[in-house]
Amino acid sequence: MIKSSALILILVISTVSSLDAAAYKGQKVYVESCKVCHGGGQAMAVSKDIRTWEKIMNKKGERLADIHLSSKKAEASWSYFNDHKFTKDAKHLEDFLVDYAKDSGNVPACN
Ligand code: HEC
């Protein structure tokens, strides 16, 4: 009895912290790869709703890469968006952006 509730507790704790870890990793990716051009990550995340981020980040960030690769102004980011590193980062980035999206409920409504 005691054993199984301990097991459940461990499962719950590890699920919660792995969710946090995913968004945290995404935030790190944002700071390393996007902040130079776009500024703060939470401001970026809150600029769109969950559905929009899911669309933009679908298929390993295909749309996001397209937006940048078709813009001359974003030229400095081309090597990143063409790199395998971006497709690896895309899932974490999506977690972060969705977590803090306009309708995520995670952003205090004080604007
Ligand atoms: C070299 C600078 C640069 C970097 C690095 C960069 N971007 Fe951009 N981004 C731009 C520019 C410039 C545009 C506008 C493209 C256009 O419309 O011509 C843009 C457009 C966007 C848009 C679309 C804007 C909108 O309102 O629809 C999103 C979303 C975005 N970037 C997110 C990101 C994310 C997330 C990253 C990091 C993975 C990133 N960008 C990295 C320069 C950059």
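A helix, as the term is used here, is a DSSP run of H or I that spans at least four residues, and helices are numbered from the N terminus. By that assignment Lys59 belongs to helix H4. The model under discussion is a predicted one.

The overall architecture may be taken up at the outset. The chain contains 6 helices and 0 strands, and its elements follow one another from the N terminus as α-α-α-α-α-α. Of its 111 residues, 24% count as buried. Among the contacts between residues at least 6 apart in sequence, 71% join residues at least 24 apart.

The axis of helix H4 (residues 50-69) comes within 9 Å of the axis of helix H6 (residues 84-99), and the two cross at roughly 175°. Because angles over 145 degrees count as roughly antiparallel, H4 is described as roughly antiparallel to H6. On the H4 side the contact is made by Ile50, Trp53, Glu54, Met57, Lys60, Gly61 and Ala65, while H6 contributes Phe86, Thr87, Ala90, Leu93, Glu94, Leu97 and Val98. By class, the residues of this contact comprise 9 nonpolar, 2 polar and 3 charged.

Two lysines of H4 deserve attention for their backbone geometry. Most residues other than glycine have a negative phi. Lys59, however, has a phi near 50°, a positive value in a residue other than glycine, and Lys60, likewise found in helix H4, has a phi near 55°, again a positive value in a residue other than glycine. As for their surroundings, Lys59 counts as exposed because it has 9 C-beta neighbours inside 10 Å, and a residue is exposed if 12 or fewer lie within that distance. Lys60 has 15 other C-beta atoms within 10 Å and is therefore partly exposed. Lys60 is also among the H4 residues that make the contact with H6.

The nonpolar interior may be considered next. In soluble globular proteins, nonpolar side chains tend to be buried together. The largest nonpolar core of this model has 17 residues, of which Met57, Leu93, Phe96, Leu97 and Ala101 touch the most other members. The elements that supply two or more residues to this core are H1, H4 and H6, and H6 gives the most, with 6 residues. Leu93 illustrates the arrangement: leaving out residues up to four places away in sequence, it touches Gly26, Val29, Tyr30, Met57 and Gly61.

Helix H1 can be followed through Ala23, which lies in this helix (residues 2-33). Ala23 has 20 C-beta neighbours inside 10 Å and so counts as buried. Apart from its neighbours within four places in sequence, Ala23 is in contact with Asp95, Phe96 and Asp99.

Finally, the ligand is surrounded by 15 residues, and the closest are Cys34, Cys37, Ser71, Ala76 and Ser77. Helix H2 (35-38) and H4 are the elements that give two or more residues to this shell. H4 gives the most, with 4 residues. The composition of the shell is 9 nonpolar, 5 polar and 1 charged residues.

Technical notes
Residues numbered from 1 in each chain as written. Predicted model: local features only at pLDDT ≥ 70, side-chain atom pairs only at ≥ 80, totals over all residues. Contact = placed C-beta atoms within 7 Å. Axes fitted to C-alpha atoms, helices over the stretch in contact; angles between N-to-C directions. Parallel < 35°, antiparallel > 145°, perpendicular 65-115°, else oblique. Nonpolar A, V, L, I, M, F, W, Y, C, P; charged D, E, K, R; others polar. Near = placed C-beta within 6 Å. Core = buried A, V, L, I, M, F, W, Y, C linked by C-beta atoms within 7 Å.
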